[in-house]
Amino acid sequence: MAAATGLLALAESRMRGRMTILTFHRVLPDELFKDYLFPSLAVSESMFRGQMESIARRCQVVTLEEGLQALKSGQAEGDKPMVAVTFDDGYADNVRVAAPIMNAHGVRATFFVVTGFIGTDAELWYDVAARRWQIATLEQLAAACRACGIDASWMKKAKPDIGHWMSFLKRLEPAQRANVVAELADPGPLESRRHLDRLMTAEELRELVDAGHVIGSHTMSHPLLPQLDAASLKAELETSLSQLQKWLGQPVRGFSYPNGDHDDRVRQAVADAGCTHACTTRTGRNGPEADPMRLSRIDMHPSRASGLHGEFDEPSFRASISLIHPYPWSR
Ligand SMILES: [Zn+2]
């Protein structure tokens, strides 16, 4: 126990002088968390409360811009580790479930939102793909691929799990991917969780800004940016930023690459569109030498802060955010 405590203290000392950025997607009420289709993308409300209480007590919580400024000016060497909280996608649970907990602990976060879906009732493509996958048989998945002229021999034996199905779809061309998903049967609207599964509205974004949080862009439609031609890439970035500026009455400078996918061309396009910092999904923390257009983060997979029964466990959480664990499940 003493050795474990020493190891944790040593690992946390390496957080000093650097910015540790946490990534969240969904925060769901405990009873809805249990049967969510993408368990790796959500944490339960009770776990999130434990995480926020912990960083509010043990860390200096900053916004990305404050953290970058502190790194640049050499003022990041406080006693407490510097931590920033980010959310990708912009689901309604962020404002309804997560924000009240953060507000109570004085934690201000950055929300990277898929602007084209803000205020609409449309589902993001991967939610559609996942819900159609859920009701499809192996034969139906294979038939959908064959109907679009795509080799489906890799899933001959058993229905692929959700992780394999999604990574297969992500490797397809955008039009092919849309065609395959369109071939699958539609399970109909999801009413039970719809109040949380929709994205936020423009009023809800303003509500977050009024509470001291920051809004950033996550594109218009969540495409995998390296697959886009120059014109579509520019449109995804510029339309999203100008729309957010119109809603919020202030310029938006932060960006998060969908799926973390970026290359030098995409990085440059994001900078050219006016962003001063951008988050990847690469695991790590950021020192003064970090490229602000390629910030590393730590994905808050629920297992990274769980005790034996899935409850919040502070030593596991501290180990995760101080990078003690290797991250074999990193995406
Ligand atoms: Zn995303």
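Buried means under 20% relative accessible area and exposed means over 50%, with partly exposed in between (1.4 Å probe, protein chains only). By this rule Ala-182 counts as exposed, because its relative accessibility is 55%. The structure is a predicted model, in which local features need pLDDT of at least 70 and side-chain atom pairs count only at pLDDT 80 or more, whereas totals for chains, interfaces and linings use all residues. Residues are numbered from 1 along each chain as its sequence is written, and side-chain values use heavy atoms, with hydrogens and water left out.

**Overall fold**

- The protein contains 14 helices and ten strands; helices (H or I, at least four residues) and strands (E, at least two) are DSSP runs numbered from the N terminus.
- The radius of gyration of the protein is 20 Å, which agrees with the value near 20 Å for a compact globule of 331 residues. This radius is taken over C-alpha atoms, and the globule rule is 2.2 Å times the number of residues to the power 0.38.
- Along the principal axes, the C-alpha atoms fill a box of roughly 60 × 45 × 35 Å.
- Of the 331 residues, 52% are buried.
- Among contacts (heavy atoms within 4.5 Å) with a separation of 6 or more, 69% join residues 24 or more positions apart.

**Surface and charge**

- The accessible surface amounts to about 14,600 Å², and carbon and sulfur atoms contribute 53% of it. Accessible areas come from the Shrake-Rupley method with a 1.4 Å probe; for residues, only the protein chains shown count as cover.
- The protein carries 37 positive and 41 negative charges, whose mean positions are 3 Å apart. Lys and Arg count as positive and Asp and Glu as negative, without His or the chain ends; each charge is placed at NZ of Lys, CZ of Arg, CG of Asp or CD of Glu.

**Zinc site**

- The zinc ion has Asp-89 (OD), His-218 (NE2) and His-222 (NE2) as its protein donors, at 2.1 to 2.2 Å. Donors are N, O and S atoms within 2.8 Å of the metal (3.2 Å for Na, K and Ca); water is not among the atoms, so sites may look incomplete.
- Along the chain, the spacing of these donors is D-x128-H-x3-H.
- Asp-89 belongs to strand 5 (residues 82–89) and is buried because its relative accessibility is 3%.
- His-222 is placed in the loop between strand 7 (214–217) and helix 12 (230–248). With 7% relative accessibility, His-222 counts as buried, and His-218 is buried as well.
- Most residues other than glycine have a negative phi. Asp-89, however, has a positive phi near 95 degrees, and His-222 has a positive phi of about 60 degrees.

**Individual residues elsewhere**

- Arg-318, in helix 14 (residues 314–321), is buried because its relative accessible area is 16%. Apart from neighbours within four places in sequence, Arg-318 is in contact with Leu-8, Glu-12 and Arg-58.
- Lys-156 occupies the loop between helix 7 (138–147) and helix 8 (162–171) and counts as exposed, with 65% relative accessibility. The C-alpha atoms of Lys-156 and Ala-11 lie 45 Å apart in space, and the two residues are 145 residues apart in sequence.
- Ala-182 is part of helix 9 (residues 174–183). Its C-alpha atom is separated by 9.1 Å from that of Arg-132, 50 residues apart along the chain.
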